[in-house]
Amino acid sequence: MAPKKRIFPRQKVCRFCADKSLVIDYKEVRTLRNFVTERGKIIPQRIYGNCAKHQRKLTDAIKKARQIALMPYSGPTQL
Amino acid sequence: MYHVKDQIHFRLCIYLINLLALCQVYRLRGPLQVHEEEHMRRYETIFIVKPNVAEDEIEAITSKATSIIEGDGGTILRINNWGLKKLAYLIKKENQGYYVYADYAGVPASVAEIERIFRIDDRILKYLTVKLSDSCDPEAVKEELAKAEPVPTSDEEGMEEEKDDKHKEQEEPDRVKEELTKTEPVPVSDKEVTGEGKDDEHEEQEEPDTVKEEQAD
């Protein structure tokens, strides 16, 4: 296997730990959209540097938003 | 057991054990009445109604739900009509839906009843109930809400806005814009997510583009 284990040199701080005013809520689609790719997939933790707790909450919120048709399961998010 | 005496003894024993077991069950289950203050949980329900439905029918559905909640002793904290919104995907071949948001303190039984009614009704496309907290003091929460807390809504462009009169619409977009500028989002393409090369360089290059896109929004 090619050497794929790259250690990310940048120390990434969890956005939500640093800024406590950011609320993770499934109704706030605008903030949730930042953590989803163009095709609607949830971005993994290692890329954005979220801590595990907030990544879990984020995933939960995104899945709820998908369920209530505020976000798509797949395909581009409108607007 | 050959003797009748033994059989009777055996059967009596079993009968007594059954009785004891039943008594334990009733004891553990406790009294079946609802203690009002303790069992009030805070829920929020969002349901989507078909777009063709008339306004008064939507009112009828909402009032049916509120009557169920209040019939069990709950209190409605707020009800917002988000109006017609574009759905992220087709639900029953419909592109748009009429969203209603309800925040209330109630008993778990009322939630089950509301969902049962939503399931039966054909005009309701989807519903989602979330428990916000296990115990809720309706009066205290009402006071908090009266202090103009901004209600998070997904206000997309071109859709009807909330009918709240407490400047919530003005507060909400400002806060959202702050968050956007603070967090500096980078749209990560799917290749970067799944593959593992050039992550950092790509992100930095794409940042100016995305900032422009966000401003354009």
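I take the expected span of a helix as 1.5 Å times one less than its number of residues. Helices (H or I, at least four residues) and strands (E, at least two) are DSSP runs, numbered from the N terminus.

**Setting up.** I am working with a predicted model, where local features need pLDDT of at least 70, side-chain atom pairs count only at pLDDT 80 or more, and totals for chains, interfaces and linings use all residues. Residues are numbered from 1 along each chain as its sequence is written, and chains are lettered from A, ligands numbered from 1, in the order in which they are written.

**Whole chain.** I found four helices and zero strands in chain A. Along the sequence the pattern reads α-α-α-α. I call a residue buried if 20 or more other C-beta atoms, placed from the backbone, lie within 10 Å of its own, exposed if 12 or fewer, and partly exposed in between. Of the 79 residues of chain A, 32% are buried.

**Helix α4.** I checked the length of α4(A), residues 52-67. Its 16 residues should span 22 Å, and the end C-alpha atoms lie 23 Å apart, which agrees.

Which residues of α4(A) are buried? I listed A:Gln55, A:Leu58, A:Ala61, A:Ile62, A:Ala65 and A:Arg66. They cover an arc of only 135 degrees around the axis, so they sit on the same side of α4(A). I take that arc from the directions from the helix axis to the C-beta atoms. On the other side, A:Ala52, A:Lys53 and A:Asp60 are exposed.

**Neighbours.** I looked at what covers the buried residues of α4(A): α2 (29-33) and α3 (45-48) of chain A are included. Just after α4(A), I noted a positive phi of about 65 degrees at A:Ala69.

Notes. Two residues are in contact if their C-beta atoms, placed from the backbone, lie within 7 Å.
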